[in-house]
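Hi,

Here is the structure I promised to pass on. Have a look at it first, and then read my notes below.

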Amino acid sequence: MALGEVHLRIENVTKRFGGLVALKDVSFALNKGELLGLIGPNGSGKTTLINVITGIYRPDGGRVLLNGGEITGLKPYKICRMGIGRTYQIPRLFSAMTALDNVVVGAIFGKGRKADLGEMRRKAAELLDFVDFPKLRREELAGKLTLMESKKLELARALATDPEILLADEPLGGLNPVEIDEAVELIRKIRDSGKTVLIIEHVMRAIMKLAERIVVLSHGAKIAEGEPREIANDEKVIEAYLGERIYAPSQ
Amino acid sequence: MPKLGLAVGREGAMKRSLMLIALALTLFLIPPIVEKGYYINLLAIIFMYTALAQSWNIISGYSGYWSFGHYMFFGIGAYAVGILVTKLSFDAYLASVLGGLASFLAAVFLGLILLRIKGPYFAISSLVMAEILKVIAINEEWLTGGGNGLILPPRYALREFYYAILLTLLAVTAIAYAIKRSSMGYALFAIRDDETAAETYGINSTKYKILAFAISAFFAGVAGGCFAWFVTYIDPYSAFDSTLALMMIVSAVFGGIGTVMGPIIGGFVFTLLMEVLWVSFPYVYLIILGASLILVMRFIPDGIVERLVQIVQLMGKVGIKIPARI
């Protein structure tokens, strides 16, 4: 598949929770090899959208297409094995397992799974190095890790499933400025390794620098889509979310 | 929380500790040759409770789905043997294995329904299911003999029961160990920690839960089947006895759930404690037992094994090396 082709297409997706419309007719495309930002105020439906894509929620309307094939409503484990990996906003690690074993789980059951446990362990160890997870903490229980370590572990575990597409739900949330810079570099590195990346983020300075294109959600509906500079100057986005004009660097 | 013991570098230690367990259990082949009567009977009952605790551990300890109704599989095994032996003249040994299979199949079917329910609701549902089966055993007289029960011909005696149940204990322990070291172990422990996350990382949780439930049920069924031909009489109240669930859960928790060693240590210590207390203080033994359980829950909630591991590690720090990792 060539660069620039549509990798994941969201088509008129609607999701209701009782009377609340969490997603309202949302459509956009994620292109092969791109780093797309998804922003919007709290409660605008960003995480709900990821949950729809990964099969945790079944949408009330619309379709999700991976490489042109429909994956709407498939079970989460099947979608994972088709090449969509994700991380959680609040890390959902297997807290009673060691850090390394968390990544091993992704390797054993994901898209690139093999029966050889030893090989999967080596792969997990390599991925922990790739995300720069401290070697001395590998055997620590995941429940005892710091936030930064947990975020890195979430990324390593998702990458262990061999995804073509990574959906990263606020990988920078709660980190300090130094850690944010490190995490931004890591996400770039992941994209450069050939993954298509969708990233949800609230840290505007980071997302404006990082994303090539941005989709904005507000109250469950898409209100804008475009390059960071266009988004930063979009009146609707400013009113709904940004509150003020922010500087977006020219590429 | 107890560590998984799955990670790199621990295999050697785990293998050694498994060999120690196997060796210790193999030594139990000897007693019936030199002794018969009370102590052999006591040991056999300890084996039975321990095997049941280990089987419970495979589903509940590993995946976190606490089956309060697990005695239903003991009952299904017991009745399968009762029916096969009395109505179809099967050999008791063969019938015990078929009793395990009956429990296995029942668990697959019931698991499809029950394992959709999570947490305390699963625990209660499994308990209710077991009670339903008891009522069926009471009412379907043509098959089960109803409240009168089934009388089996005395074919095999204490020594045969002793060996059969020891073999069951060895087998369920070996399987529990093998599962823990396999990808299935990773799946079950991931489900225990966070089932939704486990699904997101490629785990077909329904498949692994049902498989664990069924394997677990198989051994509980075999134990129930052996019990049936040993006591030569079963009725709904002894076959579907909720005290058994209590014994399984308490033994496993006492020793340390999710570890292979835990249910073994817990089963031995707890059954023995119960017997000693019953003999010494027949009127107040349940009070003492209850009080000691509360103390264990209060001070070592993750079980004896985890505490032993800590002691071993502490000894390692001050220079005393014991290589076993349980």
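Predicted model: local features only at pLDDT ≥ 70, side-chain atom pairs only at ≥ 80, totals over all residues.

Buried or exposed, then, for Ser193(A)? The residue counts as exposed, because 9 C-beta neighbours fall inside 10 Å and the cut-off for exposed is 12 or fewer. I also checked Ser193(A) against Asp60(A): the two are 133 residues apart in sequence, and their C-alpha atoms are 35 Å apart in space.

Now for chain A as a whole. Chain A has nine helices and 10 strands, and its C-alpha trace spans about 55 × 40 × 40 Å along the principal axes. The radius of gyration of chain A is 18 Å, which agrees with the value near 18 Å for a compact globule of 251 residues. Of those 251 residues, 47% count as buried. Looking at contacts in chain A between residues at least 6 apart in sequence, 66% join residues at least 24 apart.

On to where chains A and B meet. The contact draws 28 residues from chain A and 21 from chain B. On the chain B side, the elements giving two or more residues are helix 9 (183–193) and helix 10 (195–200).

Cheers

Definitions and conventions:
Residues numbered from 1 in each chain as written. Chains lettered and ligands numbered in written order. Helix = DSSP H or I, 4+ residues; strand = E, 2+ residues; numbered from the N terminus. Rg over C-alpha atoms; globule rule 2.2 N^0.38 Å. Buried ≥ 20, exposed ≤ 12 C-beta atoms within 10 Å, placed from the backbone. Contact = placed C-beta atoms within 7 Å.
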